[in-house]
Amino acid sequence: MITIKNEYLPEKMKPIRFRMETDDTYTIVFSKRTMSHAGQFYMLSVDGVGESPISVASGFGNPLTFSIKAVGSVTKYIMDHRDSAIGLRGPYGNTWPWKGADHIVAIAGGIGIPPIKALIEDMESEGNLSDLTVLYGARSPKDIVYKNEIEAWKKELDFRITVDNGDPSWKGKVGVVTTLIPGVERFKNGSAFVIGPPIMMKFSVQELIKHGFSPENIYLSLERRMECGIGVCGHCNIGQWYVCESGPIFRYSDVMNEPEVFL
Amino acid sequence: MIYELTEEDMERLLQKIAEEYDVFGSKEELGEVVFSKISSFSEVSEKKSSYSPKDFLIKRSENILEIPRAEKKAVIGVKSCDLRGFYLMDLQILNKDPFYTVRRQNTLFINFVCTEMCPGGFCTSFGGPVLDDYDIQVLHIGQSYFVEADPRYERYLAGFRPASDQDVFVKHSKEFNRKYGKIELNGIEKRMKWSSKLWTEFANYCISCGACNYSCPTCYCIDVYDDETGRKKEWDSCILEGFTKTAAGNVRPDLSDRLRQRFYHKFKYYKLSKGEYLCTGCNRCVDDCPVDIDIKEVITHDYDKE
């Protein structure tokens, strides 16, 4: 009988910290250090429930962190059973190509913000935060993830935030995240990183191009049904590429002619 | 080196291989040709098996939290088209999926080259039926079995009689191709159209059963899911609605979207990413389709006329 190593076998760990970010979004932190770079993901699993691809929310070397919106069976189970061990395998996928770029405009919609937190921490560790502008759009003030971190980020970098729908206590901007794009036109020779719901990414790209960004300098982090994370299960293709293998981050000019790039 | 073996020699070859491997062969059981354990070459049927022997490499369903392990198995009587499918799957999943990899590395396939085209078959479009890549390849003509082996398995042929005609496979390939011709692929990866009416036409009668995927010797997609007995991977089908469903929506909500994906994967995406079409012309998907959708129509369709 011949045996080989099993890539599907997760390492099991309990989070050391659990924090609710919003009504349906939570952050879990492990004692293990992050060995991935911003943009990569892990497969998180619960025995008997399933596996789910989740982006890393922490910078290289920091305690491994994920911020998760409870929408499916695995993500809900983890929220409801805070003491259970979670299976982890990864990291998989590629990274935000921030090194060497002129200036980065990172645009996050909704639960697209965690990989941008990882980006901030990666860039911060190399003293590059002055090269970063973040545009973050949340549905409403109560849906804002990382409320505490955002206060700190606003002091360290150009961090701009808007909500689709305000409330009486909200003093900030109201409007979808694309309404912030005209304000970053002066960075049009830099790179734009876009992550969020498909419709938000579609309109962000249109708006970026309208304001002078080139399709070669726009990068999208795409979401597909990833069941294996290692290029085997065949579910996550966009054209000739598997998102888990060649992505999740794609240069827009490489995929712009694929009809399935946005849902 | 090509060897010329008699039927008795084939029996000796099989016994030699059986010293190191569990031997399976295509054989007739209850009117179907299936792969099961054999102890003698006389049990082998040269008819096309009812199903491809894909499950020697990808189990229909298995627990993926267990240790990937394999026994050394030899499978005799595989058709060239099915075997070629495995070489195509290798390009994407070998050395990635541990279960596939350990079985692929420990399974010896002995393929039989067809001497007649099977009904509906179009292997000639993909270079068949004589393969360039094989473990041990057999061509049965009259009383003779012409056998060639990859260098890894050449030792099993030591002692048998070298064939006087060392071009027998090349000649057979030419003769077979001349006799049956081929459907020209004609740059299908560039000809297919996203908006072709073919996809909606197929969708009008496709019943989403997935038989085309399960019968295909190149379809490698799997579903990974948990149940009370563990984490499983199971043969999946890109024709099924849930295949691309996510929290953000479904990228292929319509059956026509999913049918197009199947043919784009086979004739465009794989060609672009791996340099090969993901099809061997075995015709199994056509044979098994309950509503007679014919993949050959995708190749022969005149997209320019639409």
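This is a predicted model: local features need pLDDT of at least 70, side-chain atom pairs count only at pLDDT 80 or more; totals for chains, interfaces and linings use all residues.

Colleague: Which residues have the most contacts inside it?

Modeller: Those are Ala106(A) and Val194(A).

Colleague: OK, take Val194(A). What is it in contact with, leaving aside its neighbours within four places in sequence?

Modeller: Val194(A) is in contact with Ile107(A), Met201(A), Ser204(A) and Val205(A), plus Ile218(A), Tyr219(A) and Leu220(A).

Colleague: Switching topic: what does the domain assignment give for chain A?

Modeller: Domain 1 covers 11-92 and domain 2 covers 104-221. Their C-alpha centres lie 23 Å apart.

Colleague: And how many residues are in contact between the two?

Modeller: On the domain 1 side of chain A there are 17, in contact with 15 residues of domain 2. Strand S7 (residues 63-69) of chain A gives the most to that domain 1 side, with 3 residues.

Colleague: How does that side divide into nonpolar, polar and charged?

Modeller: For domain 1 of chain A, the side touching domain 2 has 9 polar, 5 nonpolar and 3 charged residues.

Colleague: Now chain B. What's the span of helix H1?

Modeller: H1(B) runs over residues 7-18, and its 12 residues reach 16 Å from first C-alpha to last, close to the 16 Å expected.

Colleague: Which of its residues are buried?

Modeller: Met10(B), Leu13(B) and Leu14(B) are. Seen down the axis of H1(B), the buried residues fall within an arc of 100 degrees, so they line one face of the helix.

Colleague: What do they pack against?

Modeller: Four chain B strands: S1 (2-5), S2 (22-29), S6 (73-79) and S9 (144-149).

Note on methods
Residues are numbered from 1 along each chain as its sequence is written. Chains are lettered from A and ligands numbered from 1 in the order in which they are written. Helices (H or I, at least four residues) and strands (E, at least two) are DSSP runs, numbered from the N terminus. The expected span of a helix is 1.5 Å times one less than its number of residues. A residue is buried if 20 or more other C-beta atoms lie within 10 Å of its own, exposed if 12 or fewer, and partly exposed in between; C-beta atoms are placed from the backbone. The arc is that of the directions from the helix axis to the C-beta atoms. Two residues are in contact if their C-beta atoms, placed from the backbone, lie within 7 Å. A nonpolar core is a set of buried Ala, Val, Leu, Ile, Met, Phe, Trp, Tyr and Cys residues joined through C-beta atoms within 7 Å. Domain bounds come from an automatic or database domain assignment. Ala, Val, Leu, Ile, Met, Phe, Trp, Tyr, Cys and Pro count as nonpolar, Asp, Glu, Lys and Arg as charged, and the others, Gly among them, as polar.
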